[in-house]
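User: I have a model open and would like to talk it through with you. Could you take me through what can be said about it?

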Amino acid sequence: MAAPALALGWGLLRLSSGCCFLGHVPRGLSARGRGLPAPVVLGRSATASSRTEAPGSDLYCMELLRKRDYEGYLCCLLLPEEARSSAFALRAFNVELAQAVKRHDLTKRWLMKIIDEREKNLDDKAYRNIQELETYAENTQSSLLYLMLEVLGIRDLHADHAASHIGKAQGIVTCLRATPYHISRRKVFLPMDICMLHGVSQEDFLRKNQDKNVRDVIYDVASQGHLHLKHARSFQKSVPVKAFPAFLQTVALEDYLEKIQRVDFDVFHPRLQQKNTLLALHLYIRSWKKRY
């Protein structure tokens, strides 16, 4: 987790609020020979962000600032070279967010929930239980989906319920997907209550232990993510069709959960790090069928 960048982003949004932008885990189940409940499943960041920036991104940020925040643009030009690119990105982020909030009348509390929850997790502590992970996912991933719905002009209770569950599934699966990266930093964020239930220690994960108990932990966490995905789809007939594009990430969630099931819940299996080359096609088909 990039603490300095998140801290800066938090400060930027806090300042903005006064000026330019306003606004039950299945227990004791054996992983081996088990499948996730049919039909069949992404919150901490999944991978380390690349340090290599596309040349076009700098140009885009510079041009945006030149047009919308000329004083900020000039100030950035006078910064040391090593800081200039990041400064352009931060100022461009501020400008873009301010326009989006005003254009779509976005609810400020969803933005602040994202920032506040990210700030609370800068200490990189493990989740004490699955509920704590779900709360983190609700305040970050689900809040982002609520904003996406507002951008689409949708304010609907059923859509909000679906978004809440999809966001929690997103957070849970991302926690699983991020585990190999976090282990490389000698960090374990998997819920401690589930690890204790199966007698698994953090050291077991740090050693990349492949025992049945370790896989049982992954199975339980993945099952909870799948359960949220299933709940989200139970609202499908009540959610406005116009909201479906905001929920298409369920395709990627389902793809990961199916893959981890095929490798017997080995969270370190290399196949889980491979991109699905057919993902774009699957997204298009799901969009065409008007399903999420």
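This is a predicted model: local features need pLDDT of at least 70, side-chain atom pairs count only at pLDDT 80 or more; totals for chains, interfaces and linings use all residues.

User: How many helices and strands does the protein chain have?
Analyst: The protein chain has 12 helices and 0 strands, where helices (H or I, at least four residues) and strands (E, at least two) are DSSP runs numbered from the N terminus.

User: And what share of the residues is buried?
Analyst: Of the 292 residues in the protein chain, 47% are buried; buried means under 20% relative accessible area, exposed over 50%, and partly exposed in between, with a 1.4 Å probe and protein chains only. The accessible surface of the chain comes to about 15300 Å², and 56% of that belongs to carbon and sulfur atoms, the areas coming from the Shrake-Rupley method with a 1.4 Å probe, where for residues only the protein chains shown count as cover.

User: How many disulfides turn up?
Analyst: A search of the whole structure finds 0 disulfides, a disulfide being a pair of cysteine sulfur atoms within 2.5 Å. For Cys61, the nearest cysteine sulfur is that of Cys76, 9.6 Å away.

User: Are those two buried or exposed?
Analyst: Cys61 counts as buried at 13% relative accessibility, and Cys76 is buried as well, with a relative accessible area of 2%.

User: Which residues of helix 3 are buried?
Analyst: In helix 3, which covers residues 70–77, Gly72, Tyr73 and Cys76 are buried. Seen down the helix axis, these buried residues fall within an arc of 105 degrees, so they line one face of helix 3; the arc is that of the directions from the helix axis to the C-beta atoms.

User: What caps its N-terminal end?
Analyst: Asp69 caps the N-terminal end of helix 3, with a side-chain oxygen 3.1 Å from the backbone nitrogen of Gly72.

User: Switching to charges, how many salt bridges are there?
Analyst: The whole structure holds 11 salt bridges, each a side-chain nitrogen of Lys or Arg within 4 Å of a carboxyl oxygen of Asp or Glu. One of them joins Arg207 and Asp204 at 3.1 Å, N to O, with Arg207 exposed at 53% relative accessible area and Asp204 buried at 13%. Salt bridges that share partners also join Glu63, Arg66 and Lys67 into one network.

User: Where do Glu63 and Lys67 sit relative to each other?
Analyst: Glu63 and Lys67 are 4 residues apart in helix 2 (residues 55–68), which means about one helical turn separates them, and the closest N and O atoms of their salt bridge are 3.9 Å apart. Glu63 counts as partly exposed at 31% relative accessibility, whereas Lys67 is exposed at 59%.

User: Last topic, which residues make the nonpolar surface patch?
Analyst: Leu278, Leu281, Tyr284, Ile285 and Trp288 make a nonpolar surface patch of about 570 Å². Patches are made of residues with over 30% relative accessible area and no salt bridge, where like charges are joined within 9 Å and nonpolar side chains (Val, Leu, Ile, Met, Phe, Trp, Tyr) within 5 Å. Trp288 lies in helix 12, residues 279–288, and counts as exposed at 62% relative accessibility.

How values were computed. Residues are numbered from 1 along each chain as its sequence is written. Side-chain values use heavy atoms; hydrogens and water are left out. A polar contact is a pair of N or O atoms within 3.5 Å; within protein, one must be able to donate a hydrogen and the other to accept it, and residues adjacent in sequence count only if both atoms are side-chain atoms.
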